[in-house]
Amino acid sequence: MQTTAESILSLADTTSALELSLVVPVFNEEESVEPLIERICSAMVNFTKPWELILIDDGSTDATLANARRSLGREGLKLRIVELQRNFGQTAAMQAGIDAATGRLIATMDGDLQNDPKDIPSMVDELERRQLDLLVGWRKNRQDGLFLRKIPSWCANYLIGRITGVKLHDYGCSLKIYRATIIKQVKLMGEMHRFIPAWVAGVVPSSRIGEVAVTHHARQHGTSKYGISRTFRVILDLLSVMFFMRYKARPGHFFGSLGLGLGALAAIVLFWLFIDKFIFGDDIGNRPLLLVGIVLLLSSVQMITTGILSEMIARIYYRDDLSPNYIVRKIFDRNDLDA
């Protein structure tokens, strides 16, 4: 029995003939998880190549795990359940599933029955036909509330597209198909799952990222894990994405540019005060502009030194950042059916 995050990575490193790994994070979806498995099996019945289903139980406090384990012995279904030690969030759960996946392609979707697994086989064909590395689902007829979900989502999608340069209609749709070799080069942190296309654009050209309209259903069981407060977190995350996409490997350029800009302003202010003092003979000791110039100068020095430190940190990050952002309690497979 394997119980650590390292065991997930070792499983994924083994040679596999699997064509597709379907990764589904679930959290407190006790009423949805069994119908979800049933729908997935029904949708994949005509998928002729080997595939697996990986459920990530993200620290559920209800009967989600117990209900999911009932399907471990289901005929024709290769199911693995990764139980996380506590609730780490959807991004970490998705990363755990991607790490555990052994298929050539990886599909992700939500576990609340709003995504339709019937779209997956056609999305696989579309990905191969268009020679893409990532195919994103577009919930064209989204079955969610207008003011709390749709309007904030429209605004977020527009902003993300403008800032990242990867223009999609629906960044937030979890139904996506990836080439495993590509998505495994991307490490998901924080709440960055909604920006996956932007992260993928950091390792492949944006021309290899596409989208296709998919079916979307209204939520049938449980309650949404998101609210209007997510909009503010998206804005903060978007700023982080912008920084990492442009300056991840050279953060000193970002802080250094700010420092040089502030230094130039400080030089202009102090030079003017120098002329005012020594040429025109004015008293500058009580001038607010003197304080402004000094603050600008100190801020410039601080930004430049911050840039130097960030460059040092970036080199450490690239050298040995291998720690996962989740903790696995246990991995269940068919051998645990009677446990």
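1. In this predicted model, Arg-129 is exposed, with a relative accessible area of 58%. Arg-129 takes part in a salt bridge with Glu-126, and the closest N and O atoms of the two are 2.8 Å apart. Both residues belong to helix α5, where they stand 3 residues apart, about one turn of the helix. Glu-126, for its part, is buried, because its relative accessible area is 18% and the limit for that class is under 20%.

2. The salt bridge between Arg-208 and Asp-133 has its closest N and O atoms 2.5 Å apart. Arg-208 is found in the loop between α8 (196-200) and β7 (209-213), and Asp-133 in the loop between α5 and β5, so this pair ties together parts that are 75 residues apart in sequence. With a relative accessible area of 6%, Asp-133 is buried, whereas Arg-208, at 28%, is partly exposed. Both residues also belong to a network of salt bridges, which links Glu-19, Arg-104, Glu-128, Asp-133, Arg-179 and Arg-208.

3. How many salt bridges does the structure hold? The number is 13. One of them is formed by Arg-329 and Glu-83, with 3.6 Å between the closest N and O atoms. Arg-329 is in strand β8 (residues 328-332) and Glu-83 in strand β3 (residues 79-84), so the pair ties together parts that are 246 residues apart in sequence. Glu-83 counts as buried because its relative accessibility is 13%, while Arg-329 is partly exposed, its relative accessible area being 41%. In general terms, side chains of opposite charge can pair when their charged atoms come close.

4. The aromatic contacts may be taken next. A search of the whole structure returns 2 aromatic pairs. The ring centres of Phe-254 and Phe-255 are 5.1 Å apart and the planes stand at 85°, so this pair is edge-to-face. The angle lies over the 60 degrees required for that class. Phe-254 has 28% relative accessibility and therefore counts as partly exposed.

5. The rings of Phe-274 and Phe-278 have centres 4.9 Å apart and planes at 45°, so the pair is classed as tilted. Why are these two residues separated by about one helical turn? Phe-274 and Phe-278 are 4 residues apart in helix α10 (residues 251-278), and therefore about one helical turn lies between them. Phe-274 is partly exposed, at a relative accessible area of 47%; Phe-278, at 58%, is exposed.

6. Phe-274 and Phe-278 also contribute to a nonpolar surface patch of about 880 Å², which is made by Phe-271, Trp-272, Phe-274, Phe-278, Ile-279, Phe-280, Leu-289 and Val-292. Which element provides the largest share of the nonpolar patch? Helix α10 does, with 4 residues. At least two residues of the patch are supplied by each of α10 and α11 (288-320). Leu-289 is located in helix α11 and counts as partly exposed, because its relative accessibility is 31%. That value meets the requirement of over 30% relative accessible area for residues in a patch.

7. Arg-86 lies over the face of Phe-88, and its distance from the ring centre is 4.0 Å.

8. Two backbone positions deserve a remark. Most residues other than glycine have a negative phi. Asn-28, although not a glycine, has a positive phi of about 55°. Asn-28 is placed in the loop between β1 (20-26) and α2 (33-43) and counts as partly exposed, because its relative accessibility is 25%.

9. Gln-131 likewise has a positive phi of about 55° without being a glycine. Where is the place of Gln-131? This residue is in the loop between α5 (119-129) and β5 (134-138), and Asp-133 also lies in the loop between α5 and β5. Gln-131 counts as partly exposed, because its relative accessibility is 47%, whereas Asp-133 is buried, at 6%.

Conventions:
Residues numbered from 1 in each chain as written. Predicted model: local features only at pLDDT ≥ 70, side-chain atom pairs only at ≥ 80, totals over all residues. Heavy atoms only, no water. Phe/Tyr/Trp six-rings, centres within 6.5 Å; stacked < 30°, edge-to-face > 60°. Buried < 20%, exposed > 50% of the residue type's maximum accessible area, 1.4 Å probe, protein only. Lys NZ or Arg CZ within 6 Å of the ring centre and 35° of its normal. Salt bridge = Lys/Arg side-chain N within 4 Å of Asp/Glu carboxyl O. Patch = residues over 30% accessible without salt bridge, like charges linked within 9 Å, V, L, I, M, F, W, Y side chains within 5 Å. Areas by Shrake-Rupley, 256 points an atom, 1.4 Å probe, with all protein chains shown as cover.
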